[in-house]
Amino acid sequence: MKAIHKILAAGLAICALSACNEKEYLTEQVYSLYSTENALVSESDYQAMVNHLYFMIKRSNVFCATQDVTNQLRGCNDYAYYDSDVTWTNGVPAPKGGNDIKNFLTPSNEKLHKAWPYVWDLICNANVVISRIDGSSIPEARKAVMKGEALFARSWAYLFLANIYGGMPLLEEELAAPRRDYTRATREDTYKFALAGFSAAANLLPDIDKAGDGKANKQICQHFMCECNICIKDYTEAVKCADAVINYPGCSLMTKRFGKLADKPGDVYWDLFRNGNYNYSEGNHEGLFVYQVDYGNPASLYDNNGDYDYFIRDYNCRYMKFNAKLDKTDGAVALFSSYAVAGLCGRAYGYLHPTDHFLIDIWKGMDGDIRNSEYNIMRDVRLNGDKKKLGDYYGKWLVKDGVLDEAIKNGFEPKAMFWWPFLTKVANTVYDWPENEKVSPLEPDEFYGFRTNEKNGNGLGRDHSHKDSYMARLAETYLLRAEANVLAGNPDKAAADINVLRDRANAPHVNGTVDLDYVLDERMRELYCEETRTETLLRTGKFVERTKKYNDVTVGLETFNNLFPIPYDVIENNALATFEQNPGY
C-alpha cells in the first residue's frame, strides 16, 4: 500500500512539474485564419500590405475622382464647372448639385466626403506596417524600403486631408482598439507631421532611377516636402527641397519627342500622355510617381474590384448626344456617331465643363504654346454622324465651316455639356487599341473609340483612359519652386522657373511681375486634367476668390468655403471628445 502511495505521489509531482501555465493555456492560438498576430510575419506578408497601401492611394485619388463622387476636387472652381448639374434657359444657368455650393458643400453630403474613409483606412493600414516592421525578421535593406513606403503613404494621406479639411488627429502608431475620443491638431501641425514623415521616408527610400515604376522614391518625397514647407511658410526650405529634385541627375524634363509614338504626328507634350510613355523604365524621366492604371498591368486598377479611371468620361464633352437643328436638315440631327460605334472619344460624358478662363483667357498671348496645340486641345472636329441625315454637312468641320455657329443660331446652348474642345491627355489613340478595328477617315485617331473584340471582351475602352496617370511630374516641382519664390518675395526667380517650362512648350517667356495668381494660371496651362484643382486652390487659400472670379456657374460661395466641412458622422460618432467642425458650417 505504501508503495502505491509513493507511485501516486511521484506521478502527481511529475504532472505538477510538467503542467502548462494556465494563462498561456487559455490564450487563443489562431491557426486556420488570419489574425493580427499571424498576418504579418514573412517578407511576402509585409509586401502584400505595402501593395495594398499603393492600391488605397489610387482608390483615394483616382477611383474616387470620377463622376459625382469626388469631382468637386477637379471641378466647381476656376478650371471647370460641374456641367452635368447645370440646366440653361436662354443662356442663363440654373445651377444645382455640385455647382450649388451652399447646398452641396455640407457636412452631411455623403458624395462630397466619399474619399474620407479611404484616406483614413490608408493611414491606419500604413501605421500597422510602421509599428510592426522594425520587430520583424525581414532583411534590413528590405525593411527600410517598406517602412519608407508606409511613411510615404501616411504622409500623402495627411497632406491630402490638411489641404482639404485642415488640422487632423495625428496617429503615429497602430490602433489596437476602436476610439471615440479624437481631437484635431492644428493645420500647421498636420502639415509638419506630413513633412516629418516624408523626410523620414526620403532617408529610407531609393532614388527614382532605382526604385521601380509605381514605387515611392526619394524624389517624390522631396517634391511633397517642398509643398509641405510652402504650407508652413518655410519658403527657404521649400526651395531647397525642390532644388534637390530638380538637380538630381536622374530627373529631367522631357524636351524632345520620345516613346512609342514619337514617329507619329504630335509633339513632346502629347508624348507625355501616351500609353506606354509614363514610366521611368519607358524612358520618361519627368514622372516622379506614376499611378499604375494601364490595361493589362497586374498593378493597375483593372485587377482591383472593377474600379476604373473615368477621366475620359469626365473631362471631355458628351459629343455623341450633340443634336442640333441646321438650316438644311429636317429637324435636329446627331452631328457625331453614337458611342456604340467607333467615335471621337469613347463614352465621354461631359461632367467637367472647362471655364472660359481655361479655354480662352490663359492662352491669350501664348502663340506657339504646344500645350494648346491641335494635338493636345483639339478645338475643331469633322462631323461624322449619319451620312443620310446630315446630307451636305457630313464631313464638314464643326467650327471652321460654321456649323457650330449655325447650331447656336438655331437654339443650341454653347455652354452645354455636348461640345467643347477635346482634351487629349485623357483620350486613347488608335495606336493603343488597333486589334480588329476599322477607323473611318472622319474619326480622328486621337479620339478613336474601340468596340468589344476578342482581346477586349468587356469593351472597357468605352469609359476609360486605359493609361497610367501622374501623381506628380517634375514640371510641377518647378511650379512649386516658383510658388515658394513668389511667396518669399523673389518673383524674378519664379519667372525663371516658369520660363523653363515655357522653353519646353515653345511659349513666350514671362517678363513681367509674377505673383501667386500667375503661378496658378501656369499650373492650369501645364497640369490641366492632372492636378486636383480644388485641392490646389484650397491649399493656397484661393478657392473662393478665383472661383468667384472665373466661374459664372458655381454659386453660393462664402469665405469659409476655403476649407471643406468635416463629415457630420465623424463628429457625431466621436462621442468621448469634441471633433471640431470647420468655421462656418
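Analyst: A salt bridge is a side-chain nitrogen of Lys or Arg within 4 Å of a carboxyl oxygen of Asp or Glu. The model is a predicted one, in which local features need pLDDT of at least 70 and side-chain atom pairs count only at pLDDT 80 or more, while totals for chains, interfaces and linings use all residues. Residues are numbered from 1 along each chain as its sequence is written, and side-chain values use heavy atoms, with hydrogens and water left out.

User: What makes the contact of Asp361 and Lys364 a salt bridge?

Analyst: The N to O distance between the side chains of Asp361 and Lys364 is 3.9 Å, and the rule asks for a distance within 4 Å, so the pair qualifies. The rule gives 37 salt bridges.

User: Why is Asp361 called partly exposed and Lys364 exposed?

Analyst: Buried means under 20% relative accessible area, exposed over 50%, and partly exposed in between, with a 1.4 Å probe and protein chains only. Asp361 has 32% relative accessibility, so it is partly exposed. Lys364 has 59%, so it is exposed.

User: How do you know that Lys215 and Glu149 form a salt bridge, and where do they lie in the chain?

Analyst: Their closest N and O atoms are 3.7 Å apart. Lys215 is in the loop between α8 (208-211) and α9 (218-231), whereas Glu149 is in helix α6 (residues 140-165); the pair links distant parts of the chain, 66 residues apart. Helices here are DSSP runs of H or I with at least four residues, strands are runs of E with at least two, and both are numbered from the N terminus. Lys215 has a relative accessible area of 26%, so it is partly exposed; Glu149 has 3%, so it is buried.

User: What makes Glu530 and Arg473 a salt bridge, and what does the pair tie together?

Analyst: The closest N and O atoms of Glu530 and Arg473 are 2.7 Å apart. Glu530 lies in the loop between α18 (516-527) and α19 (533-540) and Arg473 in strand β10, so the pair ties together parts that are 57 residues apart in sequence. Both Glu530 and Arg473 are buried. The two also belong to a network of salt bridges, whose members include Glu286, Asp369 and Arg502.

User: Why is strand β4 described as largely enclosed, and which strand is joined to β4 by bridges?

Analyst: Five of the five residues of β4 (residues 287-291) are buried, so the strand is largely enclosed by the rest of the structure. Two strands pair if DSSP finds at least two bridges between them. Four bridges join β4 to β10 (residues 469-473), and the two strands run antiparallel. Within this pairing, Gly287 has Arg473 as its bridge partner in β10.

User: How do you know that Cys228 is in no disulfide?

Analyst: A disulfide is a pair of cysteine sulfur atoms within 2.5 Å. A search of the whole structure finds zero disulfides. For Cys228, the nearest cysteine sulfur is that of Cys231, 6.3 Å away. Cys228 has 0% relative accessibility, so it is buried.

User: What makes a space a cavity and not a pocket?

Analyst: On a 1 Å grid over the protein atoms alone, a cavity is a set of points where a 1.4 Å probe fits but cannot get out, whereas a pocket is an open set with protein on both sides within 12 Å along at least five of seven lines; lining residues have an atom within 4 Å of a point. Grid points are joined across faces, edges and corners, and a volume is the space filled by probe spheres set on the points. The structure holds four cavities of 30 Å³ or more. The largest cavity has a volume of about 520 Å³, and Tyr470, Met471, Glu530, Glu531 and Thr532 lie nearest its centre among its 35 lining residues. β10 gives the most to that lining, with five residues.

User: Which element gives the most to the lining of the second largest cavity, and what is the volume of the largest pocket?

Analyst: The second largest cavity, of about 70 Å³, receives four lining residues from β4, which gives the most. Lys215 and Gly287 are among the residues that line the second largest cavity. The largest pocket holds about 340 Å³ of space, and α5 (115-132) gives the most to the pocket lining, with four residues.
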